[in-house]
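This note sets out comments on the model shown below. Please read the points alongside the sequence and the coordinates.

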Amino acid sequence: MSGETAKKSIAFLGLGLMGLPMARRLARAGYPLTVWNRDAAKARPLEAKGAVVAASATDAVRDADIVFTMMTNGDVVGSVLFDGGVADAMKTGAILIDTSSIAPSIAREHSAKLADMGVRHLDAPVSGGVVGADAGTLAIMAGGDGDVIAGLADVFAVLGRVTHVGPSGAGQVCKLANQQIVAVTIGAVAEAMILVQAGGASREAFRNAIRGGFAESRILELHGARMVERNFEPGGSSNNQLKDLNTVMALAKELSLQLPLTQTVTGEFSDFVFEGGGEKDHSGLLLHFENINPKS
């Protein structure tokens, strides 16, 4: 880690399922860290790692060189940054790294507004779930100025592997594409589990049998195991999966694209959330398929 980067002070806003382990890794790596969360109780565990818990978001960012945001959606990010005064409180030349999953158009809007205020902006959503956040193995898709991203290589390395994917908003486009693949693959694995059990085979044995073949994937490894174990505590909630899928479909409409597989799985997640599965892990889509196939 370079001495110059190591001295940069960091503020982290939003300490949910993903934000908390990401902030914890930054604290463990020795960065001066100030954190804020609407529910302050979620921030308290980081005090033991050396982080300062700020009373407000504006207090958290006032002296920070780098500000991370990890929030539910673009409206929340915008509310905190602009309505809540965070952007005004940031010092000139600071860098805002938004790791939230939001619409590309909103990311570009935020970037332009921050630039007018002397703050540099990167949209850098992540993939890898809570497991990847804990392990520091997240895939980070960064949109914005490539030189700014390169200058933060040591910071990003604490969290995972960063790739500069294009100009402002491109990170969010790539995250949406990632979420397409995740959702469609979860749907495929869940449907296969239904078929296997209905046909008289063991779901666990099926998963073990096909690992190493062409159907192997991180989804089969991690979410397939969740389906076998029936462990649907959220690593990535179905509510958030549906939010991202709806954003994908809105972008597809804007770009005049037909995405039939994504459209179908969006409908299935919508039904699952309507049935009460929103707070379950997205691998819990299996429960929806079981519900519509009662003899499986």
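1. How many helices and strands are there in the chain? The chain has 15 helices and nine strands, where helices (H or I, at least four residues) and strands (E, at least two) are DSSP runs numbered from the N terminus.

2. The model is predicted, so that local features need pLDDT of at least 70 and side-chain atom pairs count only at pLDDT 80 or more, while totals for chains, interfaces and linings use all residues. Residues are numbered from 1 along each chain as its sequence is written, and side-chain values use heavy atoms, with hydrogens and water left out.

3. The C-alpha trace spans about 65 × 45 × 35 Å along its principal axes.

4. Of the 296 residues, 50% are buried (under 20% relative accessible area, with exposed over 50% and partly exposed in between; 1.4 Å probe, protein chains only). Among contacts (heavy atoms within 4.5 Å) with a separation of 6 or more, 65% are between residues 24 or more positions apart.

5. Strand 5 (residues 95-98) has buried residues on both sides: I95 and I97 point one way, L96 and D98 the other. Strand 5 runs parallel to strand 4 (residues 66-69), joined by four bridges, and V67 stands opposite L96. Strand 5 also pairs in the parallel sense with strand 6 (residues 120-123), over four bridges, with I95 opposite R120. Two strands count as paired if DSSP finds at least two bridges between them.

6. Is G143 buried or exposed? G143, in strand 8 (residues 138-143), counts as buried because its relative accessibility is 0%. Leaving aside residues up to four places away in sequence, G143 touches H121, L122, D123, I149, V165, G166, P167, S168 and G171. The C-alpha atoms of G143 and G169 are separated by 5.7 Å, although these residues are 26 residues apart along the chain.

7. S111 lies in helix 6 (residues 104-116) and counts as buried because its relative accessibility is 15%. Beyond residues up to four places away in sequence, S111 touches H121 and S168. Both H121 and S168 are also among the residues that G143 touches.
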